[in-house]
Amino acid sequence: MTAAPATDTGLAHELADEIAEVCAVAEKHAPHSDESAEFPVAVLDALRPRLLGLMVPTGHGGPGGGVDDLIDVTLALGRVDMSVAMAFAMHSQQVVGIVDHAGRRLADELLPRIADGRMYLASVTTEEGKGGHLLSAQAELAAETGRLAVDRFAPVVTGGQQADGFLITMRSPDARSDDEVSLVFAAREQLEVTPCGGWNPMGMRASGSGPLRLTGHIPEHQVVGEHGRFRDIAVNTFGPLAHLGWSAAWLGTASGALTRTLTVLRDRSKGRKADLGSELLLTRLSTARQRLDTVHAMLRYTADMVSRSADSGADLSHPRQQLLLNSLKITASEQCHRAVDDLITAVGMRHGYLRDSPTGLERALRDLRSAALNYGNDRLHLSDGRLALLDPEVRYA
Amino acid sequence: MDARFTETLRPFLPFLEGDPITADTPLRELGLDSMQAIELMFALEDTFGAPLPDEALVEETFRTAGNLWEALLPALPETAAHATEAA
């Protein structure tokens, strides 16, 4: 990761036309994807030419995107479809995982394919029976002569049916505990990918995150980082970028909801019905906007911390850094959901609750309800309580 | 590493199974999770009478027994550190 230039001059500015095109496709497909709970393949195809490779360094044929670029693009996508924004952010997080941790051979094989838009990566970290713990794994990689055998069931794999490749956490060969975890890359053609159930959730329906079983063999050099050292990747790359990317997706979703709500309220075409002088309405709009500005400020500040840390070669494992990253996730998940809930109250039944309202508040609320559950806030609070104990002087990152 | 250190550390490594603790002994892989890492820090503070320095509270410190010991050394009272170097 490199420090990114300011928003208005960043890659998102250069790629404005591509982003607008993807958003138009996403907007068009969002109602059907939500209804059918299917991953929008047309949106993925629109992302391929330029945006799937956003985080690939220039040396490997990409534009060399940084954290701020990832946030800018994810925010824009979130405004039209939170599922698309989440899938994009998670793919980009996987790409940075490859950039920062893969060996030369794997990076040389994989990064040009990503830059060309031929490799959409899905993340396989969930596993039954471990309660969503990112840092442990039960299914063990089997070391055979010169290759590794993968046999892995995962209950939630966002975009798994469409993915061209997977980054998979597994217990390391001959591990002594479930905490000895390796991250491996497997291309779709190296695996047998078997869907093991449906996907019929409250929201995030277009993310197509149904369960999969993955079996196959991969060469030894497709281990990302060292065997047993997934923790380093999680602490320095996956964790920070997940929290930043998810928060951007949620903020984008709530921002889009506010935009559409304000558009309806300001619409004079049908003889404006809303009483824009209502103090109750004004207060509710203010509160919603305040929540989003709070999240935005925290998101940009945290991104800056991550960029500064990357530039100085330091890691992100200090308690005050982990606390800020976790606080961002918790705050964004709560405040973005609350903001949309406020807006529903503000505009009432017709534009707040009906599915066919142009405000889209109903889908935004359902989608955002997943935010607190996606790497659960309850668990993060337990981590943060421990981390708080380690910093009695209360210093800030 | 002195004996008080390894004795304090041993109960936090459930997968060690009686092997000796050396500087290269990995801590995370042998079962030191984040909650236990905090308990271990408090136990070390009780044993040596000094907390780990703030700058040592990073992932690298908890990678191996040797790293943790190195991080602890500057915080030790003179006598303990000298006794260790002599030993």
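**Figure 1. A salt bridge joins A:Asp232 and B:Arg63.** Welcome to this predicted model; our tour starts where two chains meet. Here the side chain of B:Arg63 meets that of A:Asp232, with 3.4 Å from N to O. Between chain B and chain A the count is four salt bridges. Across this interface there are also seven residue pairs in polar contact, with both residues of each pair at pLDDT 80 or more. What kinds of residue does chain B bring to the side that touches chain A? Eight are nonpolar, five are charged and two are polar.

**Figure 2. Chain B and chain A bury about 1700 Å² between them.** Let us take in the whole interface next. Carbon and sulfur atoms give 54% of the buried area. Which residues of chain B lose the most area to chain A? They are B:Glu29, B:Asp54 and B:Glu59, and together they account for 33% of what the chain B side buries. As for the residues taking part, the contact draws 19 from chain A and 15 from chain B.

**Figure 3. A:Leu110 sits in helix H6 of chain A.** Helix H6 covers residues 104–115. Is A:Leu110 buried or exposed? A:Leu110 has a relative accessible area of 1%, and because buried means under 20%, this residue counts as buried. Leaving aside residues up to four places away in sequence, the neighbours that A:Leu110 touches are A:Ile98, A:Met119 and A:Phe185. For a sense of distance, look across to A:Leu323: the C-alpha atoms of A:Leu110 and A:Leu323 are 33 Å apart in space, and the two residues are 213 apart in sequence.

**Figure 4. Chain A is built with 11 helices and eight strands.** Here is the setting for the residue in the previous view. How compact is chain A? Its radius of gyration is 21 Å, close to the 21 Å that the globule rule gives for 397 residues, so chain A is as compact as a globular protein of that length. Along the principal axes, the C-alpha atoms of chain A fill a box of roughly 75 × 50 × 40 Å. Of the 397 residues in this chain, 54% count as buried.

Terms used
Residues are numbered from 1 along each chain as its sequence is written. Chains are lettered from A and ligands numbered from 1 in the order in which they are written. This is a predicted model: local features need pLDDT of at least 70, side-chain atom pairs count only at pLDDT 80 or more; totals for chains, interfaces and linings use all residues. Side-chain values use heavy atoms; hydrogens and water are left out. Contact means heavy atoms within 4.5 Å. Buried area is the accessible area (1.4 Å probe) that two parts lose on being put together, summed over both. A polar contact is a pair of N or O atoms within 3.5 Å; within protein, one must be able to donate a hydrogen and the other to accept it, and residues adjacent in sequence count only if both atoms are side-chain atoms. Ala, Val, Leu, Ile, Met, Phe, Trp, Tyr, Cys and Pro count as nonpolar, Asp, Glu, Lys and Arg as charged, and the others, Gly among them, as polar. Helices (H or I, at least four residues) and strands (E, at least two) are DSSP runs, numbered from the N terminus. Buried means under 20% relative accessible area, exposed over 50%, partly exposed in between (1.4 Å probe, protein chains only). The radius of gyration is taken over C-alpha atoms; the globule rule is 2.2 Å times the number of residues to the power 0.38.
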